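Here is a short tour to read with the structure open beside you. Please keep the viewer at hand and turn to each residue as it comes up.

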Amino acid sequence: MTSILYLGPEGTHSHEAALQRFGATADLIPCLSHYHVFERLCDAGAAPRPLAIVPVENSSEGPVTQTLDQLAAHPEVTITESFSIPIRNHLLVRPGVKKLTSVRRIYSHPQALGQCRATLSKLLPNAELLPEASTAAAARRAAQEPDSAALASDAAARINGLVALRKNLQDSDENITRFFVITVSRRPARPAVKPREIRSLIHLVIGNRPGALLHALAPFDASDVNLTFIQSRPLPGRPWEYGFFIEAATDWKAPAAEAAWRLVLALSEEGRKIGTYPVV
């Protein structure tokens, strides 16, 4: 059975995504951080190679930069699938806490805190917002402190013996997180359902000069390749220089798309395809 790595512990939104995609009978393995997910994925020597589920962007808070940085640091990793799930963040407290005024601290992952920022400022303007490594870790912390709460899922509440003082605190009802299924194997995973479309993610390093990004991406425009995601991240050891993650709505099979890619490479310092994958 193929193991599935995810950002743990149990009760995180990544755990929820893994359950939805692979089912409760899958061999799900929690990891301590985004770094550990990639470390275990790339260090695994046994066959079959594991898969991993990592969050890549949220509809309210934008890209998950820890995932992007690890994708840049691990060229052996490829993306095999993209899927999305709705995210619901609840204000979890110990049983017996009935009043919002009892909550002095709120723990959660920075993404979840950001997704609920406006609601929290109205509901609990004086509460201290404190980041944790995951929403599940935040729930574990809140279970130990009588005047604290966590922004986390129903599963995190159940696992840690907490109750929801308020439900659905996300600022937007359309709060959705997109996940990648990744591996170091070149054998693509079979999609859970028929894909809605095919996309590809690339990483480019472009010279720091006026118009460089515009010129490098112009071949995609000329070839009618739609770009669905562009995000810059700092290049290690090169202050104020950046690499660019770019998602294109193509599988590169069309001659015009492949020709555009070759020209983009010629206009860049370096570039690589991270993966072509179904969006399900």
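## About the model

This is a predicted model, in which local features need pLDDT of at least 70 and side-chain atom pairs count only at pLDDT 80 or more, while totals for chains, interfaces and linings use all residues. Residues are numbered from 1 along each chain as its sequence is written, and side-chain values use heavy atoms, with hydrogens and water left out.

## Backbone points to look at

Most residues other than glycine have a negative phi, and most peptide bonds are trans. Pro-9 sits in the loop between strand 1 (3-7) and helix 1 (13-22). Helices (H or I, at least four residues) and strands (E, at least two) are DSSP runs, numbered from the N terminus.

Asp-224 is not a glycine, yet has a positive phi of about 60°. You will find Asp-224 in the loop between helix 8 (212-222) and strand 13 (227-235). Trp-252, also not a glycine, has a positive phi of about 70°, and belongs to the loop between strand 14 (238-248) and helix 9 (255-266). Which of these is buried, and which is exposed? Asp-224 is exposed, at a relative accessible area of 70%, whereas Trp-252 is buried at 6% relative accessibility. Here buried means under 20% relative accessible area, exposed over 50%, and partly exposed in between (1.4 Å probe, protein chains only).

The C-alpha atoms of Leu-263 and Ala-216 are 8.0 Å from each other, although the two residues are 47 apart along the chain.

## The largest pocket

The largest pocket has a volume of about 280 Å³. Among its 15 lining residues, Ala-72, His-203, Val-205, Leu-235 and Pro-236 are the closest to its centre. Two or more lining residues come from each of helix 3 (65-73), strand 12 (197-205), strand 13, strand 14 and strand 15 (270-279). By type, the lining has seven nonpolar, three polar and five charged residues.

A few terms need spelling out. A pocket is an open set of points on a 1 Å grid over the protein atoms alone, where a 1.4 Å probe fits, with protein on both sides within 12 Å along at least five of seven lines; lining residues have an atom within 4 Å of a point. Grid points are joined across faces, edges and corners, and the volume is the space filled by probe spheres set on the points. Ala, Val, Leu, Ile, Met, Phe, Trp, Tyr, Cys and Pro count as nonpolar, Asp, Glu, Lys and Arg as charged, and the others, Gly among them, as polar.

## Salt bridges

The structure holds 15 salt bridges, each a side-chain nitrogen of Lys or Arg within 4 Å of a carboxyl oxygen of Asp or Glu. One of them pairs Arg-233 with Asp-69 (2.8 Å, N to O). Arg-233 lies in strand 13 and Asp-69 in helix 3, so this pair ties together parts that are 164 residues apart in sequence. Asp-69 is partly exposed, at 28%.

Glu-132 and Arg-141 form another salt bridge (2.9 Å, N to O); Glu-132 is buried at 19%, and Arg-141 is partly exposed at 32%. Glu-197 and Arg-199 also meet in a salt bridge (3.0 Å, N to O), with Glu-197 partly exposed at 27% and Arg-199 buried at 16%. A network of salt bridges links Glu-57, Arg-178, Glu-197, Arg-199 and Glu-247.
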